[in-house]
Amino acid sequence: MEESSVISYFVIGSGILNDPSGVALDSLGNVYVTDTSYGIIQKFSNEGKFLTKWGSFGIGDGEFRFPSGVVVDSLDSLYVADTDNRRVQTFSNDGKFLTKWGTGKGDGELSDPHGIAIDSLGNVYVVDSSTDRIQKFSNDGKFLTKWGSKGVNDGEFRFPSGIAIDSSDNVYVVDITNNWIQKFTSDGKFLTKWGSRGSKEGQLNSPHSIAIDCSGNVYVADSNNHRVQVFRFSVSSRTT
């Protein structure tokens, strides 16, 4: 059996991390971390060298209340799920505030944003956890579509959290309470799901986060089982 080793790690600093939540990489390999309790974004080199930070705890532009998910687009702009302010904020890669949207429970409004992801066209998908739905926006915050409701059937959720998008723009959503992963087309058509509550291989217990590599392998943070599970999933042709 091959042994794994830690390549690098990030410690407390300007560079101090108190409650890291979301993490994302830009095109140069720089690492952005949302520090939820501090209400800041910190930027590191890929070796963990502190580069810069921005934000503070508050409700103004560029301020946060418990930020969670973060994602970087093809131009290295950042999109941050500002959870308790019920909005998405966007920034340049050096922390300049660009725009924001959200707040509320209607179409295009956010109540409890957590996971966030971007497809190959630059569209932004936000997991609105407490309303059990996914909302899709253009990269400037224009509402495009939504799907999901509270329940246990296909296309329904009970507190979704993490989200990831594969090379064909299919959307994968982690459903914490239902203990499964659901897969959708980019416009919200249900495709398949897998998982059930348990500790055996392929079972999940309060999964939170998800990532997909270039080969289509799906990595799931299986939180209460204290492990990461990797699923080999055949990526279909692009569906739009």
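What share of the contacts in the protein between residues at least 6 apart in sequence join residues at least 24 apart? The share is 39%, where a contact means heavy atoms within 4.5 Å.

## Ground rules

This is a predicted model, so local features need pLDDT of at least 70 and side-chain atom pairs count only at pLDDT 80 or more, while totals for chains, interfaces and linings use all residues. Residues are numbered from 1 along each chain as its sequence is written, and side-chain values use heavy atoms, with hydrogens and water left out.

## The overall picture

The protein has 0 helices and 19 strands. Both are DSSP runs numbered from the N terminus: helices are H or I with at least four residues, strands are E with at least two. Its radius of gyration is 17 Å, close to the 18 Å that the globule rule gives for 240 residues, so the protein is as compact as a globular protein of that length. That radius is taken over C-alpha atoms, and the rule is 2.2 Å times the number of residues to the power 0.38.

The C-alpha trace spans about 50 × 45 × 30 Å along its principal axes. Of the 240 residues, 51% count as buried; buried means under 20% relative accessible area, exposed over 50%, and partly exposed in between (1.4 Å probe, protein chains only).

Strand β9 (residues 113-118) is mostly covered, with 5 of its 6 residues buried. It pairs with β10 (residues 124-128) in the antiparallel sense over 4 bridges; pairing takes at least two DSSP bridges between the strands.

Together β9 and β10 make a hairpin with 5 residues between them, and G122 in the turn has a positive phi of about 90 degrees.

## The largest nonpolar core

This core has 11 residues, among them A117, Y125, W147 and V171. A nonpolar core here is a set of buried Ala, Val, Leu, Ile, Met, Phe, Trp, Tyr and Cys residues joined through side-chain atoms within 4.5 Å. Strands β10, β13 (160-165) and β14 (171-175) each supply at least two of the core residues.

Take V171: leaving aside neighbours within four places in sequence, its contacts include Y125, W147, I163, I165 and F184.

## Two loop residues with positive phi

R86 sits in the loop between β6 (78-82) and β7 (87-91). Its phi is near 55 degrees, a positive value in a residue other than glycine. R86 counts as partly exposed because its relative accessibility is 37%.

S206 is in the loop between β16 (190-194) and β17 (207-212), and phi of S206 is also near 55 degrees. At 15% relative accessibility, S206 counts as buried.
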